[in-house]
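Hi everyone, thanks for making time this morning. I'd like to walk you through one model, going from the whole chain down to a few single residues.

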Amino acid sequence: MAWELVDTANVPEGVLELYRKDDVFMIRANGLELMNGLGHQSEVAFGIMAVKISGKASPNILLGGLGLGYTLAAAVRELGQSGHVTVAELSPAVISWFDRYVAASVLPQRPSNISIVAADIGELVRSATGPRYDVIALDVDNGPEALVSPQNAQLYDSAGLQALAGRLEPAGVILLWSGFESPAFVAMAEKEGFSVACTALASVGRADLLHYAYSLRQA
């Protein structure tokens, strides 16, 4: 069965497209595949990691990027009824697509301990007021080299990391999903005073395909 185009949305950086194959979805950005429900194992692992790395029974987690919702759904399953997850998604269209099409197969029952807001996570963490988080998990792009939106690069530079750290609770963690390894990013983060660990996230059935999770703590 071929992918069926379900909807399109114009965004400042171009066009987003939602495709469907049975109950599996895919999002393309300017013709490039951004995420695909046929291969979401690393997103699931990332969502679980976001909860476990907090070290708390009821963590407060900020997730940057909704996408197809697999990271959120995995975090929710790991949390149960404890803690809270706030999702900041830049595109209102992606939130609408999730609610209208995707959630039925990914997160059919939405618990009360999650919030999904249309917001630029960079602006959110740079705001003067707001809650602090035990974990800020970024799943907003292809990694610390912006692919979808040039403004995402501001999350990964020195000022962006310091802004993220400023919204963490003591001993809080910045977690970053990446489709590749980035020694340059690690070197920059360590120069800014963070300790950095990189965890490989294997895709089921694809030994040749690795994604990565970078965890950053203030040293």
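This is a predicted model: local features need pLDDT of at least 70, side-chain atom pairs count only at pLDDT 80 or more; totals for chains, interfaces and linings use all residues.

Now the overall build. The chain holds 7 helices and 11 strands. Along the principal axes, its C-alpha atoms fill a box of roughly 50 × 40 × 35 Å. A compact globule of 219 residues would have a radius of gyration near 17 Å, and the 16 Å of this chain agrees with that. Sequence separation is worth a look too: take the contacts between residues at least 6 apart in sequence, and 66% of them join residues at least 24 apart.

What about the surface? The chain exposes about 10,000 Å², with carbon and sulfur atoms supplying 52% of that area. As for charge, there are 14 positive and 23 negative ones, and their mean positions lie 5 Å apart.

Let's go inside, to helix H2, residues 70-79. How many of its 10 residues are buried? The count is 8, so to speak a mostly covered helix. Among those buried residues are Tyr 70, Leu 72, Val 76 and Leu 79, along with Ala 73, Ala 74 and Ala 75. And what covers them? The cover includes helices H1 (41-52) and H3 (92-106), as well as strands S5 (60-64), S6 (84-89) and S7 (114-118). Just after H2 comes Gly 80, which takes a positive phi of about 70°.

Strand S6, part of that cover, is itself largely enclosed by the rest of the structure, because 5 of its 6 residues are buried. S6 runs parallel to S5, and 5 bridges join the two.

Last stop: two loops. Which residue other than glycine has a positive phi near 55°? That one is Asp 22, which sits in the loop between strand S2 (14-21) and strand S3 (24-29). The loop between S3 and strand S4 (32-36) holds Asn 30, another non-glycine residue with a positive phi, here near 50°. Asn 30 counts as partly exposed because its relative accessible area is 47%, and that class runs between the 20% and 50% cut-offs.

That's my tour, and I'm happy to go back to any part of it.

Note on methods: Residues are numbered from 1 along each chain as its sequence is written. Side-chain values use heavy atoms; hydrogens and water are left out. Helices (H or I, at least four residues) and strands (E, at least two) are DSSP runs, numbered from the N terminus. The radius of gyration is taken over C-alpha atoms; the globule rule is 2.2 Å times the number of residues to the power 0.38. Contact means heavy atoms within 4.5 Å. Accessible areas come from the Shrake-Rupley method with a 1.4 Å probe; for residues, only the protein chains shown count as cover. Lys and Arg count as positive and Asp and Glu as negative; His and the chain ends are not counted. The place of a charge is taken as NZ of Lys, CZ of Arg, CG of Asp or CD of Glu. Buried means under 20% relative accessible area, exposed over 50%, partly exposed in between (1.4 Å probe, protein chains only). Two strands pair if DSSP finds at least two bridges between them.
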